[in-house]
Amino acid sequence: MSDYQLIIIGAGLSGLAAGIRAARFGKKTLIVDQHYRPGGLNSYYKFQGHLLETGLHAITNFAPPTRKKAPLNLLFRQLQLSRHDFPVREQLGSEIAFPAGSLHFSNDPDLLQAEVERLFPACGEAFHQLRRAIAAHDPFASTPWRSARSFVAGYLKEPLLENMLFLPLMLYGNAEENDMALSQFVIMFRAVFEEGLFRPEADMRAFLDLLVGQYKGFGGVIRYRAEVEKILIKDDRACGIRLADGSIFTTEALLSTAGLPETIRISGWQAPCATYSGKMSFTETISLLPNAVRGSIRQDRTLIFYSSSDQFSYRRPQSLQDISWGVVCFPDNFKGVPHKEFFSIRVTNPASYPLWRALDSETYAQEKTACRRAAVQASERYTGPYGQAIVHQDSFTPLTIERFTRKAEGAVYGSPVKIPDGKTPWSNLFIAGTDQGYLGIVGSMLSGISIVNRHLLT
Amino acid sequence: MNRNEIRDVLLEIIADIDEEADFAGLDDHKPLRDQLDLDSMDFLDIVMELRKRYKLQIPEDEYPELATLSSCVNYLEPKLRHI
């Protein structure tokens, strides 16, 4: 008799969603996480008395509760949570800023259509046709990899517009360099441009509390500060885990949300780690500003995706941080958010994990400070000046991401090669989350749910 | 359970799965999926809930039996007769 029927590695959003599903239908379930709080990539921490969120800029896939087939509502039904317990705030509107011009978009997809027609009059009809092709495409069919770049170019034939559309979709959910799988592009296009962006009315802590509460309410057990050192294999089956403190828990089935490279390492899976190590990682600088300086800062945008060149290539930079493109997030600029004493601005730029890794600790600290300054300066062109008004500032690098989330090389979107069916060489060990293929908060939760539904419930 | 009781249990399970479910005008002979705008993942929940409540195993190839409310009742009647 095993200790548990299911052990889930990782209390991030995919692990929590998987845990709720399993526990809801009576599986004796244990979730383990190395960190002392849940959330994984999308968590929070206290800094100088302020609660700061990590990961989350905005949640994609906005839908009102009445649109039943929308991924967000399906997700809530699967977790037996009510949308009424989760009040949300929609984005004010966002922007894609290139030197040649800007495209504005909101949760009304007609706005983006009108903006494309304004900036690229010759492309209006082609963009409309592209949207129809995206609506008709089934991204969940198991088909070989297809280039999203070629697909989009086939409709638009306007490289600048193509770059502008790819910037937010790649930045918010592409593990590959340069190109993107068509299926992933279709998922992201619908999630960002057709459905739209929102955030919880409360903070990430409240959302995680809701999920953990639901999981525990169904009888699920969760252990923090529980670092898995080894997945125990016996007779070609995963039979348990050994934690760093030496304790052992046995189980009938295992679900790992730690990402492929980490799962390969702790299971002894004979697979090439390099193939499954994503190269896209980021630095992020969070600045807290007094409410008094709001007047000199852009207030009508939630996100500004920017590129200082009309050429945009999505790849690991040759420097610690590349400030030529990135995204600026205003976590307070959502509809109906009351003004508080402070507001924050977050700037995210691509970064190189190996270059950060190579630094000694003193240089690392110096470079981190220098990169913060550079990121703020680059963003001021789009936000208005705020560098002098910063009260508190913090930042993370690819190393920070790796340390807290176990995502190898700080690759937030995981492996460029996904495992859509979640299977491993062991019949009762599965993977879910980023490396199964769905990304973002809604996507990763649906990943956890779908793997449990498919392999562990029936 | 008789046919009416089974029908009530099914509606209760669906209401539990989908708080937005609107049963007004529900036709017992038309597909539930279209009328209530449900996804195949929601159907899995009906199956799982029946299993949880009545220890009833419904094999995947018999899921089509659950298409309409009346086909559900027909299918479940012999299985739940003694409950």
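Modeller: A helix here is a DSSP run of H or I with at least four residues, and helices are numbered from the N terminus. The model is predicted.

Colleague: Which residue follows helix 11 of chain A, and what is its phi?

Modeller: Helix 11 of chain A covers residues 361–383. Next comes A:Gly384. The phi of A:Gly384 is positive, near 95°.

Colleague: How far apart are the end C-alpha atoms of helix 11 of chain A?

Modeller: Helix 11 of chain A has 23 residues, and at 1.5 Å a residue it should span 33 Å. The expected span is 1.5 Å times one less than the number of residues. The distance in the model agrees with that: the end C-alpha atoms are 32 Å apart.

Colleague: Which strands are included in what covers the buried residues of helix 11 of chain A?

Modeller: The buried residues of this helix are A:Lys368, A:Cys371, A:Arg372, A:Ala375, A:Val376, A:Ala378, A:Ser379 and A:Thr383. The cover over them includes, from chain A, strand 13 (281–290), strand 15 (325–329), strand 16 (342–351) and strand 17 (392–396).

Colleague: Is A:Asn174 buried or exposed?

Modeller: A:Asn174 sits in the loop between helix 6 (159–171) and helix 7 (182–195) of chain A. Beyond its neighbours within four places in sequence, A:Asn174 is in contact with A:Leu169, A:Met180, A:Gln184, A:Met280, A:Tyr314 and A:Tyr413. The cut-off for a buried residue is 20 or more other C-beta atoms within 10 Å. A:Asn174 has 23 of them, so it is buried.

Colleague: Is A:Asn178 buried or exposed?

Modeller: A:Asn178 also lies in the loop between helix 6 and helix 7 of chain A. Its phi is near 70°, a positive value in a residue other than glycine. A:Asn178 has 11 other C-beta atoms within 10 Å, so it is exposed.

Colleague: How far apart in space are A:Tyr224 and A:Tyr36, C-alpha to C-alpha?

Modeller: A:Tyr224 belongs to the loop between strand 9 (221–223) and strand 10 (228–234) of chain A. Leaving aside neighbours within four places in sequence, its contacts are A:Asp33, A:His35, A:Tyr36 and A:Arg37. A:Tyr224 and A:Tyr36 are 188 residues apart in sequence, while their C-alpha atoms are separated by 4.9 Å.

Colleague: And what separation do the C-alpha atoms of A:Asn174 and A:Thr250 have?

Modeller: A:Asn174 and A:Thr250 are 76 residues apart along the chain. The separation of their C-alpha atoms is 35 Å.

Colleague: Which word describes how helix 1 of chain A lies relative to helix 13 of chain A?

Modeller: Helix 1 (residues 13–24) and helix 13 of chain A pack with their axes 7 Å apart, at an angle of about 40°. Angles under 35 degrees would count as roughly parallel, and 65 to 115 as roughly perpendicular. The angle therefore makes helix 1 of chain A, relative to helix 13 of chain A, oblique.

Colleague: By class, which residues make the contact of helix 1 with helix 13 of chain A?

Modeller: The crossing of these two helices is right-handed. Helix 1 of chain A contributes residues including A:Ala18 and A:Arg21, and helix 13 of chain A contributes residues including A:Met445 and A:Val452. By class, the contact of helix 1 with helix 13 of chain A has ten nonpolar, six polar and one charged residues.

Colleague: What is the class make-up of the contact of helix 1 with helix 3 in chain B?

Modeller: In chain B, helix 1 (residues 3–17) and helix 3 (residues 40–54) pack at about 125°, with axes 10 Å apart. That angle makes helix 1 of chain B oblique to helix 3 of chain B. The contact is made by B:Ile13, B:Ile14 and B:Ile17 of helix 1 and B:Asp42, B:Asp45, B:Ile46 and B:Glu49 of helix 3. By class, this contact of helix 1 with helix 3 of chain B has four nonpolar, no polar and three charged residues.

Colleague: Which helix of chain A gives the most to the side that touches chain B?

Modeller: The contact takes 13 residues from chain A and twelve residues from chain B. Helix 2 (71–78) and helix 13 (440–457) of chain A each supply at least two residues of the chain A side. With three residues, the one that gives the most to that side is helix 2 of chain A.

Note on methods: Residues are numbered from 1 along each chain as its sequence is written. Chains are lettered from A and ligands numbered from 1 in the order in which they are written. This is a predicted model: local features need pLDDT of at least 70, side-chain atom pairs count only at pLDDT 80 or more; totals for chains, interfaces and linings use all residues. A residue is buried if 20 or more other C-beta atoms lie within 10 Å of its own, exposed if 12 or fewer, and partly exposed in between; C-beta atoms are placed from the backbone. Two residues are in contact if their C-beta atoms, placed from the backbone, lie within 7 Å. Axes are lines fitted to C-alpha atoms, for helices over the stretch in contact, and angles run from 0 to 180 degrees between N-to-C directions. Angles under 35 degrees count as roughly parallel, over 145 as roughly antiparallel, 65 to 115 as roughly perpendicular and the rest as oblique. Ala, Val, Leu, Ile, Met, Phe, Trp, Tyr, Cys and Pro count as nonpolar, Asp, Glu, Lys and Arg as charged, and the others, Gly among them, as polar. A crossing is left-handed if the near helix is turned anticlockwise from the far one by less than a right angle, and right-handed if clockwise.
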